[in-house]
Amino acid sequence: MDKRITLLGSTGSIGTQTLDVVRMHGLQIYALAANRNIELLEQQVREFHPKKVCIFEESCYLAFREALADLPVQVLTGMEGLCELAGDSHADLVVNAVVGMVGLQPTLAAIAAGIDVALANKETLVAGGALVMQAAAKKGVSILPVDSEHSAIFQCLQGNAHNPVKGILLTASGGPFFGYTREQLKTVIAADALKHPNWDMGSKVTIDSATMMNKGLECIEAKWLFDLQPEQINVLVHRQSVVHSGVMYADNSVIAQMGVPDMRLPIQYAILYPERKPCPAEPLSLTKYGTLTFAEPDEATFRCLALAKQAMRSGGLLPCIMNAANEIAVRAFLDGKIGFLDIADCVETAMQSIPNQPLQTCEAVLRADRETRELVRLRIYGTTEA
Ligand code: MG
């Protein structure tokens, strides 16, 4: 196994767990990229000896290059650097684990270079799904899902290439506020939302999980990854996060994938696909859980899920607009600038204010993203400045 891997977002939650898997199986790292955590990125460069490294935040570039002056590694920065790294065809696989819309251009760069992509960055498919899937099909590039639900569906599809899918069951933990009323949600703060019951994740996805926007983004991701119609996607609240999702076939048989909630399992499946090897995730003991529960999501309370489904049905640039508004609103909630319920209000206002258009080019996606961010910032902070 001498797959060479480029890892984008190496210092984040998915990034560090990807390196656990790389370490365990003695895989080779060709390149690493991170946003601004120069201490951890330097440590990773010294351990994994990549040929190239990108520090995205340009103000960190000089200090970072200085810190690595004794090593034979090329240091890049900014979006240009990130795309150069992602599109370097010395790698066999790009693992894209960056957070947010910033992941779209490097995904397209990797595809253009004919490199398979293990995708943990959901915003890539939410905002630019049509572009990404078309480009991947044209280049014969595989998009391997890393998100646990999509990995589950991908695993349940193996060996069924000729069997049409009737629908999918996309499971959701429900997050820390499952069962709360809107009245109770008025006063929750970021620290409450960051206590996720099952998964240990970064702050953006943890807040998205609390609002259920995460599941909305995952519906759109699933639509593109598995070429589904919106009505084939069924969200199911499953508090234990043991059944990671499932596929229903024509005969109403459901094949689901189970395991303990540990991201190293789906990460490893994407990287080693189609092989299965030992994984540091614990074995699943169903008797330890005893009971597995399933319920309908409460979309009237958790409006972000309903808004995302609406964006999915409308298509065009609306999912991009929805995603951009959510990114700004989540940041503002984490900073204590707006309340929990304001997140959905910000998203809804942006979806109503910015006219939807067909999605044709990457430039149009980036423009809609920028316009939406400005609009939402203006509403929250009174200025369009970042
Ligand atoms: Mg997920």
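Why does Met258 count as partly exposed? Hi everyone, let's start there. Met258 has 40% relative accessibility, so it counts as partly exposed (buried is under 20% relative accessible area, exposed over 50%, partly exposed in between, with a 1.4 Å probe and protein chains only).

A word on the model before I go on. This is a predicted model, where local features need pLDDT of at least 70 and side-chain atom pairs count only at pLDDT 80 or more, while totals for chains, interfaces and linings use all residues. Residues are numbered from 1 along each chain as its sequence is written, and side-chain values use heavy atoms, with hydrogens and water left out.

Back to Met258, which sits in strand S11, residues 254–258 (helices, H or I with at least four residues, and strands, E with at least two, are DSSP runs numbered from the N terminus).

Now the metal site. The magnesium ion has Asp147 (OD), Glu149 (OE) and Glu218 (OE) as its protein donors, 2.1 to 2.3 Å away (donors are N, O and S atoms within 2.8 Å of the metal, or 3.2 Å for Na, K and Ca; water is not among the atoms, so sites may look incomplete). Along the chain, their spacing reads D-x1-E-x68-E. Asp147 lies in the loop between strand S7 (143–145) and helix H7 (148–157), and Glu218 in helix H11 (residues 213–225), so this pair ties together parts 71 residues apart in sequence. Both Asp147 and Glu218 are buried.

Glu218 also has a charged partner: its side chain meets that of Lys215 in a salt bridge, 2.6 Å from N to O (a side-chain nitrogen of Lys or Arg within 4 Å of a carboxyl oxygen of Asp or Glu). Lys215 and Glu218 are three residues apart in helix H11, so about one helical turn separates them. Lys215 counts as buried because its relative accessibility is 5%, and Glu218 is buried at 1%.

That is one of 25 salt bridges in the structure. Another joins Arg303 and Glu348, with the closest N and O atoms 2.4 Å apart. Arg303 lies in helix H14 (residues 303–314) and Glu348 in helix H16 (residues 340–353), so here the linked parts are 45 residues apart in sequence. Arg303 is buried at 17% relative accessibility, whereas Glu348 is partly exposed at 26%.

Finally, a network: salt bridges link Asp20, Arg23, Glu47, Asp262 and Arg264. Thanks, everyone!
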